[in-house]
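The following questions and answers look at a single protein, step by step. Please keep the sequence and the structure in view while reading.

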Amino acid sequence: MPDGDVRQLPPARVALWLLAIAIDVLGNTRLGLRHLAVRSAEHWADRYSLVIILGLGEAVISMGSAVVHTPIAIRIVVAGFLGTALLAALWWAYFGWDSSEGERALAAAARTRTMLARDAYT
C-alpha cells in the first residue's frame, strides 16, 4: 500500500475483503448457534480480556510508530498525552467495571449464554 493510503488499494483486493466480511457475517447468521457453546463464563470473559489487552497494546505501538520520524513539537506531545489518557480511560472502563459485570451477567444467563456471549462480546 503506497504511503499508507487505503484509497490506492487495488479493486480486486477491496472486493476480496468485502467478500470475506460478507461470508463471515452471513455465515454466522445462517449457521446459527447450534455448533457453539459457552460452557464457562469465566473462561470466555478471560479470553476476551486478553483480546482487549492486545488491542490496547497495538494502539500504544501505533501511537509510537506514527511519530517516530516526526520532530518533537508541542502538538505531538499533546497528542501523545491525549492518546495515552484515552487508552487509560478505555482500560479503566473495561477492566475497572465492565469485565466483571459482563462475566457475572454471562454466568447468570444459563439458557441464553451463547447468544449473550455472541452479541455482547462482538
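Q: How many helices and how many strands does the protein have?
A: Helices (H or I, at least four residues) and strands (E, at least two) are DSSP runs, numbered from the N terminus. This is a predicted model, in which local features need pLDDT of at least 70 and side-chain atom pairs count only at pLDDT 80 or more, while totals for chains, interfaces and linings use all residues. Residues are numbered from 1 along each chain as its sequence is written, and side-chain values use heavy atoms, with hydrogens and water left out. Read along the sequence, the pattern is α-α-α-α, and the count is 4 helices and 0 strands.

Q: At what angle do helix α2 and helix α3 pack?
A: Two packed helices are described by the angle between their axes and the distance between the axes. Axes are lines fitted to C-alpha atoms, for helices over the stretch in contact, and angles run from 0 to 180 degrees between N-to-C directions. For helix α2 (residues 41-66) and helix α3 (residues 74-108), the axes lie 10 Å apart and the angle is about 175°. That makes α2, in relation to α3, roughly antiparallel (a word for angles over 145 degrees).

Q: Which residue meets arginine 104 in a salt bridge?
A: A salt bridge is a side-chain nitrogen of Lys or Arg within 4 Å of a carboxyl oxygen of Asp or Glu, and the structure holds 1 of them. Because the two partners are 3 residues apart in helix α3, about one helical turn separates them. The N to O distance is 2.4 Å, and the partner of arginine 104 is glutamate 101.

Q: Which side chain of opposite charge is nearest to arginine 113, and how far away is it?
A: Arginine 113 is placed in helix α4 (residues 113-120), and it is buried (under 20% relative accessible area). Lys and Arg count as positive and Asp and Glu as negative, with His and the chain ends not counted. Arginine 113 has no salt bridge, and the nearest side chain of opposite charge belongs to glutamate 42, at 6.8 Å.

Q: Which backbone oxygen does the side chain of arginine 113 reach?
A: Leaving aside neighbours within four places in sequence, arginine 113 is in contact (heavy atoms within 4.5 Å) with residues including Val38, Ser40 and Leu106. At 3.1 Å, the side chain of arginine 113 reaches the backbone oxygen of alanine 107.

Terms used
Buried means under 20% relative accessible area, exposed over 50%, partly exposed in between (1.4 Å probe, protein chains only). A polar contact is a pair of N or O atoms within 3.5 Å; within protein, one must be able to donate a hydrogen and the other to accept it, and residues adjacent in sequence count only if both atoms are side-chain atoms. Angles under 35 degrees count as roughly parallel, over 145 as roughly antiparallel, 65 to 115 as roughly perpendicular and the rest as oblique.
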